[in-house]
Amino acid sequence: MLLVQNISFERAERKILSEVSLSLGSNKIIIIKGKNGSGKTTFIKIILNLIKHTSGSIYWKGKLLSTNLYDYYSNLTYIGDQTSSIRQLTIKENIKIWKKIFLSKIDDTQIEKLLKTLNLINIINYKVSSLSLGEKKKLELMRLIIEEKQNWLLDEPFTNLDSESIQVLSQTFEDHSNKGGSVLFSSHQDPEINISEEILL
């Protein structure tokens, strides 16, 4: 379980976050909402231990996050606004690399089904550099399934997606939660998802 207690953050004497708390465990979907500049990405980076908070505490499985990072990252898939795919390689080649890195048990039949669902199957041999923003985002989101991690953390995952892909991702979130997983994501949109809790920044 991830426990975030009274997190505050200041930059150049300006308060960005003020005593934000949340508890993320199995079967939960939490959305972080707020206008642009409200601190959503900053909050996520703090939860990722990439930015040091001004005050407050973060725990993972009952231990301070900073002392339990290996286990934390081993159980977490993070999807940010920057793609982790290699631009010079094709969709197929990137998937192959991800499967090898994460020792994924997802077989080729499941991958093909996922590619068809995301309308990427016909461009599987295209290089990432030639893809649209929406296609790059859909490829990146495939890591949620390939990595097979219990906890998902996403920053604005619906950006650049068409309505059909938004529905697919929303259903994927709910399916993951129903299987005991957890989802924490930021969004300025209001997706049709069974939300467990809303954090307003």
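Helices here are DSSP runs of H or I with at least four residues, strands are runs of E with at least two, and both are numbered from the N terminus. This is a predicted model, where local features need pLDDT of at least 70, side-chain atom pairs count only at pLDDT 80 or more, and totals for chains, interfaces and linings use all residues. Residues are numbered from 1 along each chain as its sequence is written, and side-chain values use heavy atoms, leaving out hydrogens and water.

View 1. Lys116 and Glu112 sit 4 residues apart in helix H4, about one turn of the helix. Their side chains form a salt bridge at 3.4 Å, N to O (a side-chain nitrogen of Lys or Arg within 4 Å of a carboxyl oxygen of Asp or Glu). Lys116 counts as partly exposed because its relative accessibility is 48%, and Glu112, at 37%, is partly exposed too. For those labels, buried means under 20% relative accessible area, exposed over 50%, and partly exposed in between, using a 1.4 Å probe on protein chains only.

**View 2. A salt-bridge network around Glu140.** Arg143 and Glu140 pair up through their side chains at 3.0 Å, N to O. Salt bridges with shared partners tie Glu140, Arg143, Glu147 and Lys149 into one network. Arg143 is buried at 7% relative accessible area, and so is Glu140 at 2%.

**View 3. Ser104 in its loop.** Look for Ser104 between helix H3 (91-101) and helix H4 (108-117). Ser104 counts as buried because its relative accessible area is 13%. Its side chain reaches the backbone oxygen of Ile146 at 2.8 Å. Leaving aside residues up to four places away in sequence, Ser104 touches Lys99, Ile146 and Glu148 (heavy atoms within 4.5 Å).

**View 4. Ser66, out in the open.** Ser66 is in the loop between strand S5 (63-64) and helix H2 (69-74). With a relative accessibility of 51%, Ser66 counts as exposed. Pro157 is 91 residues away along the chain, and the C-alpha atoms of Ser66 and Pro157 are separated by 26 Å.

Note on methods: A polar contact is a pair of N or O atoms within 3.5 Å; within protein, one must be able to donate a hydrogen and the other to accept it, and residues adjacent in sequence count only if both atoms are side-chain atoms.
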